[in-house]
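Please keep the sequence and the model in view while reading.

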Amino acid sequence: MRERLDDAADLREPLLHTKLNVPRHAAALVPRVRLIEQLHDSLNGKLTLICAPAGFGKTTLVSEWISYGSLDAAWISLDAGDNAGGQFWRYMASAIDGIRPGYMEEVKAMLPLLYADDVEQALILLLNELNRQSGRILLVLDDFHVIQEQKMIQAAAYFITHLPPHVHVCLMSRTEPGFPVSRMEAQQLAFRLTADDLRFTAQEAEQFFQSIHLQLDSVETSAIVRQTEGWITGLKLAALSMRRTEDRHGFIRQFTGDNRHVKQYLLEEVWSLETIRMRKFLLKCSILKRWNASLCRAVSGFADSPDMIADLERSHLFVVPLDARGKWFRFHHLFSEFLL
């Protein structure tokens, strides 16, 4: 009884409306027309999944897509608190209400059901009301990797599977979403972008450097793209350092994951979020140029190395597969140097 009273109180708590704002994209952004066209085509399905490590420009790309396509988008910037109770769905209803006024009023009475054991019935009511809304709707869930509660993940999967035809969900995450999307991909109902798709090409990097008035020739640009492997934040951090050095050629030759800007970013955005056990595993395996489960087991002493590698793959933690079978891997160059 006490728990139900607490849940009712949760429904009266205010929502942070800035979480529902579409983030502004930087004025100096490099137009990514090739990706935006792919994203626009994906609207024919139910789901777009953009899965890549920190700093690959996921949020910027989608906010640019919304602006470029003048899309009716309901945006939610998720955080760890959205694992609790029905808060996730309150934000969902409020975001939809922002582009379809009146939706929240229609579903408000259903929200308490999201705290009950039979969440599916509440989701059916939310979906039925969404089906009555007119016009194409894009629902954007940013930082979906923070959703760790399995019941929440299952509810989100049910919601996406049963979306009305005019509604599309875009998930942005640093990790796999926690529910299988392979069937939807096989049916061409789900579209995926990964780090490989998001990397800056040499041409895009050249546009980026020009946009911030940093003059690099084609050889210098190619070299820095090669060293960062097209990692967008890596390029930005390199540019930040290059502005402060006179020996640009020397800087590019020596630019590594030990650069203080790169190191600080990886410490805050990647390393600090990992478990102590995963940190130990990464450090021990960092001496390997390329690795598989048996090599990792040999150098780390972790008997469950295959499971640790599977976790790295699911979390897209700057891991680069080297074969189609998913047996051999290496770390992103800058991340490897950071670990060392």
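## Conventions

Helices (H or I, at least four residues) and strands (E, at least two) are DSSP runs, numbered from the N terminus. The model is a predicted one, in which local features need pLDDT of at least 70 and side-chain atom pairs count only at pLDDT 80 or more, while totals for chains, interfaces and linings use all residues. Residue numbers start from 1 along each chain as its sequence is written, and side-chain values use heavy atoms, with hydrogens and water left out.

## Confidence

The predictor's confidence in each residue is given as pLDDT, from 0 to 100. The protein chain has a mean pLDDT of 88, and 94% of its residues reach 70 or more.

Over residues 1-9, pLDDT stays under 50. For this stretch the model has two contacts (heavy atoms within 4.5 Å) beyond four places in sequence. Where pLDDT is low, the predicted coordinates should not be read in detail.

## Buried residues in helices

Ser241 lies in helix α12 (residues 232-242). A residue is called buried under 20% relative accessible area, exposed over 50% and partly exposed in between (1.4 Å probe, protein chains only). Ser241 is buried, with a relative accessible area of 10%. Leaving aside residues up to four places away in sequence, Ser241 touches Phe251, Asn259 and His261.

Thr221 belongs to helix α11 (residues 218-228) and is buried, at a relative accessible area of 3%. Its contacts, again not counting residues up to four places away in sequence, are Ala202, Ala205, Glu206, Phe209 and Leu216.

## A buried loop residue

Phe179 sits in the loop between β4 (167-173) and α8 (182-186). Is Phe179 buried or exposed? Phe179 is buried, with a relative accessible area of 10%.

Not counting residues up to four places away in sequence, Phe179 touches Phe144, Ile153, Ala157, Ile160 and Leu171. Phe179 and Gln150 are 29 residues apart in sequence, and their C-alpha atoms are 9.3 Å apart in space.

## Strands β2 and β3

Strand β2 (residues 73-77) is largely enclosed by the rest of the structure, because four of its five residues are buried. Two strands pair if DSSP finds at least two bridges between them. β2 pairs with strand β3 (residues 137-142) in the parallel sense, over five bridges, and Ala73 stands opposite Leu138 in β3.

## Pocket and cavity

On a 1 Å grid over the protein atoms alone, a cavity is a set of points where a 1.4 Å probe fits but cannot get out, and a pocket is an open set with protein on both sides within 12 Å along at least five of seven lines; lining residues have an atom within 4 Å of a point. Grid points are joined across faces, edges and corners, and a volume is the space filled by probe spheres set on the points.

The largest pocket has a volume of about 730 Å³. It is lined by 28 residues, of which Gln148, Thr175, Glu274, Asp311 and Ser315 are the closest to its centre. α7 (150-161), α15 (276-285) and α17 (305-314) each supply at least two lining residues, and α17 gives the most, with three.

There is one cavity of 30 Å³ or more. The largest cavity is lined by Trp89, Met92, Ala93, Ile96, Tyr103, Leu126 and Phe159, with helix α4 (residues 87-99) giving the most, four residues.
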